[in-house]
Amino acid sequence: MSSARLPGIRANVADGFEHWQSFLRERPRLKIFLIVFPPALVLAVFFLLPLVFMAYLSLLEGMPPAPATFENYMRLVTQEVYLSILWRTTVITAQATILTVLIGYAIAYSMVRFSRRTTMILLLVIMPFWTNYIIRMYAWINILQTNGVLDAALLFVGAINEPLGVLYSHEAVLIGFIYIYLPLAVLPFYASLSYLDQDLIDASMDLGAGPIKTFLSVTLPMTKNGIMVGVILVGIPIFGSFITPQLLGGTDNTMVGMIIENQFVEAFNWSFGAALSITVAFIVVAMLVLGMLAGGNFFDLGGEDE
Amino acid sequence: MVEENISRRTVLKTTAAGGAAAAAGCLGGDDGREYVRPIDIDLDDVEPENEINMWNWFYDFRDWTVEEFSAEYGIESSSSTGYSSAAEWYSRLEAGNHAIDHVGSTGNYTVRSVENDFFEPLPVDQFEGWEALPDFLQDTMHDYAGKDGEVYAMPQSLLLYPTLTYNEDHFSSPPDSWGVLWDEEYAGDICMWDEAQYPCQIAALYTDQDPFDPDDLDEIQEVLEQQIDLNETLWDEYNHARGLFVNEDVVVGPLLDGQTYLARFEDEAPINYTIPEEGGLYQLDDMAIPTDCPNPRAATLLMDWVTQPDNLKNIFHESGYPPAIDHDDFEELYAEDLEEGTITEEEIEFFRWGELEDRLMFAEPLGDDLLQTYDQIWTEVKN
């Protein structure tokens with residue numbers, strides 16, 4: 001192609017582009033449709049449709065084609081064992097989320113307020129993500145087991161007289177969850193705290209508030225949205241977890257994710273597994289709604305409320 | 001901004017490359033010839049396709065098989081895939097367009113795959129490995145992996161599932177009863193398999209019931225409720241279970257003979273197994289050819305090749321599990337290896353069932369009703 005023809009082609013492309021621009025400018029609804037349709041289609045095909053199929057499966061006696069029934073949901077709400085497991089899952093999720101949020105907020109706050117090497121610390125925070133989830137859990141088995149790394153370190157410094165053997169306990173499950181999901185809490189907290197206007201803190205101090213009062217009346221309320229995002233990012237995956245309690249927990253740490261997995265790969269009761277999954281999805285949605293009613297805006301990490 | 005652009009471009013490139021690779025994998029690699037059912041293939045007169053895709057959970061044995069078989073038959077493109085749960089390949093077969101030529105299966109997954117026509121019937125009469133199987137294994141395959149007189153899978157490994165595994169430093173002689181799992185002396189040093197059917201079947205054996213057709217489910221639940229608090233933990237993953245014994249977190253509990261072997265001979269832990277007087281179960285891991293596999297000729301030749309005793313015996317060398325042959329024939333099969341020192345008499349003796357064979361019964365896959373009843377019992381016990 002000769003270089004002499006290039007300006008002509010460029011001019012044609014520019015004309016065509018302008019023509020499309022004016023075409024769309026005159027048809028604002030079509031413009032919105034073209035912008036919204038592709039992501040809506042992706043959400044419908046990859047998120048909504050599987051959920052609808054899961055709901056359909058949960059209303060069948062077995063694998064399709066099969067007669068319709070509410071039996072799976074009746075079993076879930078009438079048998080104490082499943083309600084009890086759902087409650088235990090909620091308690092473990094709440095405990096792990098609160099601890100993760102507290103630790104994550106403290107790390108993010110110290111990074112923003114006191115640290116110079118924030119990039120390095122952020123890198124350290126997300127570094128565990130480079131390693132496979134299960135391998136990280138096996139690493140914790142080595143750390144927490146009787147006479148493992150933790151026991152050896154505590155014995156060495158004289159903090160304990162005999163091995164603790166934290167592994168296979170409720171505490172081990174909480175440690176595993178905190179470790180796995182801490183980065184998901186730190187990142188939104190860091191973003192939220194970074195946006196916080198330093199002038200507001202200075203103004204609070206100038207008006208006579210001490211550091212604690214300034215934190216409680218300025219910093220915390222201004223980063224509320226970031227905290228809610230962190231709670232959601234941590235709480236939702238913990239609620240459905242099954243690997244961590246399986247590998248680190250004892251005999252009384254059964255969570256609903258483990259029961260769901262059993263239905264699909266061991267008991268071959270996909271309909272009941274689907275009913276459990278849909279129930280968990282409803283609980284998660286309820287958590288989101290409650291979060292929003294509590295004043296969280298998950299789509300705004302900024303430090304200022306609208 | 002420049003960094004952002006580079007990173008976005010890199011991400012797009014990576015995504016495109018990943019998509020192309022995935023598409024290539026999904027499309028399979030047949031050479032344009034029509035699909036032929038393995039049962040219709042004459043092994044003396046068949047030219048394999050130029051590709052083979054093998055899925056098996058014995059990782060090292062799988063890699064060894066693909067490499068050796070491809071070299072022997074001049075197959076240029078081969079892939080091997082591992083999985084931790086049979087559910088991974090089963091869901092692919094359900095979805096269709098699976099691109100799997102040869103798959104390792106077991107128990108309920110084999111039964112369900114045969115029922116749903118996910119597996120092809122095999123020309124077993126042409127397989128050298130089939131002829132070498134003892135009668136009881138041929139009968140078992142007909143019963144459990146057969147339909148309308150055809151056989152749909154070839155045995156791969158013959159497993160004790162579960163063994164009663166124990167630490168020799170804590171037991172002067174092998175425990176003779178499953179009752180050791182209920183012995184308070186070992187409270188906190190016991191583990192239990194966290195897969196509903198196994199604790200329930202162990203409880204059935206312990207209470208002198210038929211583990212495949214128990215007549216008192218309440219008693220099974222009752223004894224499991226007595227047992228659950230004696231456990232240090234429950235396990236659901238084999239390496240985790242082996243680690244429990246090797247690290248001495250537990251000293252007795254159900255395991256597999258293969259994992260017990262690895263603990264004893266590779267990890268050099270004082271771990272051994274027994275089959276209690278109440279009885280125990282054995283199970284087959286098997287291999288099958290999925291329906292509509294992309295390379296049926298190569299898959300059938302691979303099935304014939306890998307099940308020949310001289311090849312199948314390498315599952316022991318590569319993965320530490322015993323091949324599916326009569327264990328009394330081990331000495332003859334591994335005679336050369338014994339001479340070369342790649343296997344020891346002690347290792348062979350470890351897998352030989354000997355007098356324990358009288359206590360064993362085949363772990364026939366359970367029907368849906370009993371499986372779900374066991375699941376309900378175990379869920380309630382854990383709660």
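Guide: A crossing is left-handed if the near helix is turned anticlockwise from the far one by less than a right angle, and right-handed if it is turned clockwise. With that in hand, let us look around this predicted model.

Visitor: Which hand does the crossing of H4(A) and H11(A) have?

Guide: H4(A) passes H11(A) in a right-handed crossing, so the near helix is turned clockwise from the far one.

Visitor: Which residues of H4(A) and H11(A) meet?

Guide: From H4(A) come Thr89(A), Thr93(A), Ala96(A), Thr97(A), Thr100(A), Val101(A), Gly104(A) and Tyr105(A). Facing them in H11(A) are Ile227(A), Gly230(A), Val231(A), Val234(A), Gly235(A), Ile238(A) and Phe239(A). By class, this contact has eight nonpolar, seven polar and no charged residues; Gly is counted among the polar ones.

Visitor: H4(A) also packs on H8(A). What makes H4(A) and H8(A) oblique to each other?

Guide: Here the axes cross at roughly 45 degrees and come within 7 Å, H8(A) being the helix of residues 170–195. Roughly parallel stops under 35 degrees, and roughly perpendicular starts at 65. The pair therefore counts as oblique. H4(A) passes H8(A) in a right-handed crossing, and the contact has 22 nonpolar, four polar and no charged residues.

Visitor: How do you know that H13(A) and H14(A) are roughly antiparallel?

Guide: H13(A) packs against H14(A), residues 270–293, at an angle of about 155 degrees, with the axes 7 Å apart. The cut-off for roughly antiparallel is over 145, and the two helices are therefore put in that class.

Visitor: What hand does the crossing of H13(A) and H14(A) have, and which residues make the contact?

Guide: The crossing of these two helices is left-handed. On the H13(A) side the contact is made by Val256(A), Ile259(A), Ile260(A), Gln263(A) and Phe264(A). H14(A) brings Trp270(A), Phe272(A), Gly273(A), Leu276(A), Ser277(A) and Val280(A). Eight of the residues in this contact are nonpolar, three are polar and none is charged.

Visitor: And what makes up the contact between chain A and chain B?

Guide: In chain A, 20 residues are in contact with 24 residues of chain B. The elements giving two or more residues to the chain A side are H4(A) (80–114), H12(A) (243–248) and H13(A) (256–265). The largest share, four residues, comes from H13(A). By class, that side has ten nonpolar, nine polar and one charged residues.

Visitor: Why is H1(A) said to lie largely in the open?

Guide: A residue needs 20 or more other C-beta atoms within 10 Å to be buried. Of the 20 residues of H1(A), the number that are buried is zero, so this helix lies largely in the open. H1(A) spans residues 6–25 and reaches 28 Å from its first C-alpha to its last, close to the 28 Å expected.

Visitor: What makes phi of Asp117(B) and phi of Asp292(B) worth a look?

Guide: Phi of Asp117(B) is near 60 degrees, positive in a residue other than glycine. Phi of Asp292(B), near 65 degrees, is likewise positive in a residue other than glycine. Asp117(B) is in the loop between H4 and H5 of chain B, and Asp292(B) in the loop between S12 and H11 of chain B.

Visitor: Why is Asp117(B) called exposed, and Asp292(B) partly exposed?

Guide: Asp117(B) has 12 other C-beta atoms within 10 Å, and 12 or fewer counts as exposed. Asp292(B) has 17 such neighbours, between that limit and the 20 of a buried residue, so it is partly exposed.

Technical notes:
Residues numbered from 1 in each chain as written. Chains lettered and ligands numbered in written order. Predicted model: local features only at pLDDT ≥ 70, side-chain atom pairs only at ≥ 80, totals over all residues. Contact = placed C-beta atoms within 7 Å. Expected span 1.5 Å × (residues − 1). Axes fitted to C-alpha atoms, helices over the stretch in contact; angles between N-to-C directions. Parallel < 35°, antiparallel > 145°, perpendicular 65-115°, else oblique.
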